[in-house]
Amino acid sequence: MSKKHIEIMDTTLRDGEQTSGVSFSASEKLTIAKLLLEELKVDRIEIASARVSEGEFQAVKNITHWTKENNYLNKVEVLTFVDNGVSINWMIEAGAKVQNLLTKGSLNHLTYQLKKTPNQHFADIKENISLAQSKDIETNIYLEDWSNGMRNSKEYVFEFLEFLASQPVKRIMLPDTLGVLTPSESFEFIKEIKDKYPNTHFDFHTHNDYDLGVSNAIEGIKAGADGLHLTINGMGERAGNAPMASTIAVINDYLPNVTINANEKALYTVSKLVENFSGILIPANKPIVGANVFTQTAGIHADGDNKNNLYFSDLMPERFGRKRQYALGKSSGKANIQKNLQELGLQLNDDDLKKVTQRIIELGDKKQVVTKEDLPYIISDVLDRTYDEKVTVNSYVLTHAKGLNPSTTVSITIEEETFEENSQGDGQFDAFMNALRKIFKKKKMILPALIDYAVRIPPGSNSDALCETIITWKSDTKEFKTRGLDSDQTVSAIIATEKMLNIITN
Ligand SMILES: CC(C)C(=O)C(=O)O
């Protein structure tokens, strides 16, 4: 059986820009248009509504100028209106060659919005199409609210299609304007139309109000639709349109008799660029392009990846120019940590791996995001405890109040003997150290002097979850450093101090 080619029309720059709060500048539109046509390689792009603004005019002009030089001009479309040729003149002046004419696809819209009869509407459309033809403009027709038209005024829709059959129209575009169709209705309605007009090109334009945009688009293709309208990241009016990335993946994986022009490897780059320009963040769990969708969090999944690829699916990240990641946190097992260590080129023995795993779980329990970049810091924090644990900081209270000296109460255990002391200081950590000095005085020990105190967030870390404090100490006999790592700066300094206490008592 020969495969059918389905045209992909991207409408990020028109319907996508109808996302509340989004306005692309002319140069952003040009950059996105170039990526869509040259990297993603979709068949067509809809770039603007005619007559929106002077900025929009400039955007269309820039894109048509570039597409003309690169032989893409007939891939660039502009939404126009039945307005006695005003939008046609606008788009011609901006250099565009294909109009997507907005007409009424339901009797309700026609009657209550345009207040016209079907014959009056058809006459206006006919006039528009012949004007376009006389000016060498190609016409596609949108039947706005077509889905409700099929539900409530089917006779009108078929009368309209019969009229269009006599017109020089290249494509008929069927929008589910309010995103109300179910997948089975999408199939049924498109099939009914394609059975009657098998040789006419029909695009299907779905919206996502019930989160059915992708399912409806797929059912539309199964029923015979010849093209789909999609947007990057599913941007668009209200709940948006069917998202490009997941629709492309479903077509490639589940419709073997269909071919499309869309380079899966470019999807992520385009999505990120559109996220950037639009300011609309991609949800982390958005299929294909979300930050988390190729991250295994549960240890059991990472373990399964090592054992005959038990968690394999066709949605492999490399397909989309992405990489599998293994999250670090409270549900990480040793397998997640091993995967991250491999990437960093690090190796740990079983004992050390157990300690590091335990520390990551503790940090994860505090709801902290732990990243691969944090790992070397956690390893040094855990593995430089090369002493017998003789001193434990049991508890402390640190207070800081305007107009009062910082103060502390500290309880520590030294070789099974517990001590508690209060103290004040110039700052909270100074107060903490003063309390420790009092305790160690009872043991006839002098604590080393603190000669440097450095705090940093592990560089390269994507999260601000961890904070490292490195303290340099000087006693009569030696100078040494200890480090502490925690999500809280003061706690990280206290961990570094506890290590110092253990070093001097060992
Ligand atoms: C403007 C029209 C064509 C539209 O986007 C829709 O009906 O969904």
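User: What is the strand order in the open sheet of three strands?
Analyst: First, a heads-up: this is a predicted model, where local features need pLDDT of at least 70, side-chain atom pairs count only at pLDDT 80 or more, and totals for chains, interfaces and linings use all residues. Residues are numbered from 1 along each chain as its sequence is written, and side-chain values use heavy atoms, with hydrogens and water left out. Strands here are DSSP runs of E, at least two residues, and helices are runs of H or I, at least four residues, numbered from the N terminus; two strands pair if DSSP finds at least two bridges between them. The pairing in this sheet is antiparallel, and the order is β13-β14-β15.

User: Which residue in β14 is the bridge partner of Y396?
Analyst: β13 and β14 (residues 407-414) pair in the antiparallel sense over eight bridges. In β14, the partner of Y396 is V410.

User: How are the rings of F57 and W90 arranged?
Analyst: Rings of Phe, Tyr and Trp (its six-membered ring) pair if their centres lie within 6.5 Å; planes under 30 degrees apart count as stacked, over 60 as edge-to-face and the rest as tilted. By this rule there are 13 aromatic pairs. The centres of F57 and W90 are 5.6 Å apart and their planes sit at 70°, so this pair is edge-to-face.

User: How many residues apart in sequence are the parts that F57 and W90 tie together?
Analyst: F57 belongs to helix α2 (residues 54-69), while W90 belongs to helix α3 (residues 86-93). So the pair ties together parts whose separation in sequence is 33 residues.

User: Is W146 buried or exposed?
Analyst: Buried means under 20% relative accessible area, exposed over 50%, and partly exposed in between (1.4 Å probe, protein chains only). The relative accessibility of W146 is 0%, so W146 is buried.

User: What radius of gyration does the protein chain have?
Analyst: This radius is taken over C-alpha atoms, and the globule rule is 2.2 Å times the number of residues to the power 0.38. A compact globule of 506 residues would come out near 23 Å, but the protein chain has 33 Å.
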